[in-house]
Amino acid sequence: MEGDFNMTTFLYYGLEFLIIFIITVMATIIPTISKPGIMFGIEIPFDKKDDGLYKLKTRYQMLCIAGGFVLAAVTLILHLQFSMVIADILLPLFMIAYLLFTIIIYYINHNTIKQIKKEKGWDKDTNKVILADTTRADANLPSYMWFIIHFILILATGLFLLLIYPYLPEFLPMHLDIEGNINNFAPKSLKIILLPVVTQVYITLICIFTFISIKKSKRQLDPKDPVASSKRIRMFKAIWLYYTLALSFLLNVLMAIIAQLMFVTPEYSYILPFILFAMLAIILIGTVIISVKTGQSGSRIKIDGKRADGSIQTGSDKYWKAGMFYYNPNDPSIFIEKRFGVGWTFNYARPASWWITAGLFAVIAGFVAYSILASS
Amino acid sequence: MIMSVNPMLETPLYLQLKNEIIRGITTGELIEGEELPSVRQLACDLGINLHTVNKVYDILRNEGFITLHRQKGATVSSKENYKITEEFNRHLKCDLTVLITEAKCRGMKLEEFCQICNNIFNSLNSNNKNGRGF
């Protein structure tokens with residue numbers, strides 16, 4: 001867009017490229033930081049570091065990086081050739097296309113490895129032993145009580161906004177444009193003044209749900225080294241639980257800052273893009289760094305100076321559809337570790353998983369609806 | 001304590017689980033008053049049916065090894081609650097008869113059998129926490 005080159009515009013573009021960079025990095029490093037012994041969603045005997053398998057991993061990673069460059073180039077072209085409005089609509093589509101691209105390469109590799117495993121007869125070599133730790137699942141993990149601090153913050157924000165409501169102007173700023181100027185106002189109402197608080201509540205509820213699901217997730221111990229794997233899993237859970245707490249708190253603070261800048265001191269609202277950029281950058285980069293340091297189920301955490309190497313094969317490939325979706329009616333657990341990636345996923349054989357997924361969609365849809373209604 | 005069960009073995013899962021818990025109490029890895037995981041948590045971690053774990057906890061409670069509290073869940077009982085009973089003696093002789101008969105049939109001598117028993121008894125000590133491999 002022609003006109004004055006503006007710090008805010010620069011930040012906006014910077015954020016887009018940062019997101020592209022992070023997406024590319026995450027897609028590329030997933031095979032390296034996922035659980036050892038599982039390649040592209042298929043269990044591999046841990047002593048079979050096959051050359052052919054290694055080539056598949058390299059191929060995936062090279063393609064992800066190449067795709068990332070293409071995405072960046074496309075973004076540049078979009079901004080140079082088209083108006084901001086069109087670019088804003090097309091860019092997310094291209095990002096989704098990139099993610100689909102990475103999923104397709106993953107799936108091709110997944111099937112190739114499945115084939116190799118069958119041909120080499122590796123699927124004969126399974127050990128169905130299962131382990132459990134009698135220590136409490138939530139021992140040494142942060143307590144739900146930490147969220148009380150978050151609710152105190154939310155309460156304080158709400159009270160403050162209600163108290164100053166009478167002193168606010170009749171029209172409240174609702175939106176900043178790409179140059180950092182306020183370009184939309186709405187008549188003041190309780191619904192609008194409490195929008196930041198509603199957002200805080202939604203964010204905190206989702207984070208509490210994440211917290212619960214991580215705490216309750218299945219502890220899959222490694223029969224080759226049960227004690228170390230139990231420790232790793234505990235540390236892995238603890239790190240991501242504290243991360244969720246920090247994220248929730250940070251976002252709640254951010255909403256309070258936004259409320260302050262937009263409603264109370266709109267003359268300073270131009271610093272909002274900088275704050276947003278900084279926060280998003282911290283969250284995105286932080287997630288990548290923590291993912292790399294911990295590895296899936298803590299496999300990269302060093303216990304006695306060693307990281308986890310591959311485990312035995314459990315023969316549970318058949319429950320992992322496409323290596324990404326877990327469906328096991330015999331397993332009562334709802335949240336289990338991902339096979340490809342860092343984090344947890346659902347056991348889709350449990351009805352609770354579907355209710356929760358629907359619930360999350362409803363929560364998000366409800367929030368979007370409320371925001372739209374409140375600001376119209 | 002780490003417990004392990006294997007669905008591929010002949011022994012039913014619930015029996016394996018029961019034996020694991022009793023083993024833990026024997027070697028001292030599970031101490032008196034220690035809380036056992038909730039039925040749900042244990043079933044989820046092992047990936048087995050809740051009813052199986054429920055059954056195990058029921059059996060252990062009936063035999064006096066664990067106590068079920070309303071808030072705390074299952075805890076390991078004190079030694080007085082699980083002594084040698086007549087029923088246990090019957091059960092012991094029954095199972096041993098099966099094993100000894102086949103051992104004798106296959107030519108095992110009394111001394112060798114007793115030596116094996118000795119070794120097993122001695123290995124189940126408080127300082128031998130990893131009494132078996134996989």
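First, the residue classes: Ala, Val, Leu, Ile, Met, Phe, Trp, Tyr, Cys and Pro count as nonpolar, Asp, Glu, Lys and Arg as charged, and the others, Gly among them, as polar. This is a predicted model, in which local features need pLDDT of at least 70, side-chain atom pairs count only at pLDDT 80 or more, and totals for chains, interfaces and linings use all residues. Residues are numbered from 1 along each chain as its sequence is written, chains are lettered from A and ligands numbered from 1 in the order in which they are written, and side-chain values use heavy atoms, with hydrogens and water left out.

Now the pockets. On a 1 Å grid over the protein atoms alone, a pocket is an open set of points where a 1.4 Å probe fits, with protein on both sides within 12 Å along at least five of seven lines; lining residues have an atom within 4 Å of a point. A volume is the space filled by probe spheres set on the points, which are joined across faces, edges and corners.

The largest pocket has a volume of about 2,500 Å³. Its lining has 46 residues, and B:Asn19, B:Ile22, B:Phe88, B:Leu92 and B:Leu124 lie nearest the centre. Which element gives the largest share of that lining? H4(B) does, with 11 residues; helices here are DSSP runs (H or I, at least four residues), strands likewise (E, at least two), numbered from the N terminus. By class, this lining has 24 nonpolar, 11 polar and 11 charged residues.

The second largest pocket holds about 1,600 Å³ of space. It is lined by 43 residues, with A:Thr287, A:Lys338, A:Val342, A:Gly343 and A:Trp344 closest to its centre. Here the classes are 31 nonpolar, 10 polar and 2 charged.

H8(A) has 23 residues and spans 32 Å from first C-alpha to last, close to the expected 33 Å (1.5 Å times one less than the number of residues). Its buried residues (under 20% relative accessible area, 1.4 Å probe, protein chains only) include A:Met279, A:Ile283 and A:Val288. After H8(A) comes A:Gly295, with a positive phi near 70 degrees.

Last, the cysteines. How many disulfides (cysteine sulfur pairs within 2.5 Å) does the structure hold over all chains? The count is 0. A:Cys64 is buried at 0% relative accessible area, and B:Cys44 is buried at 7%.

Terms used: Disulfide = S-S within 2.5 Å. Buried < 20%, exposed > 50% of the residue type's maximum accessible area, 1.4 Å probe, protein only.
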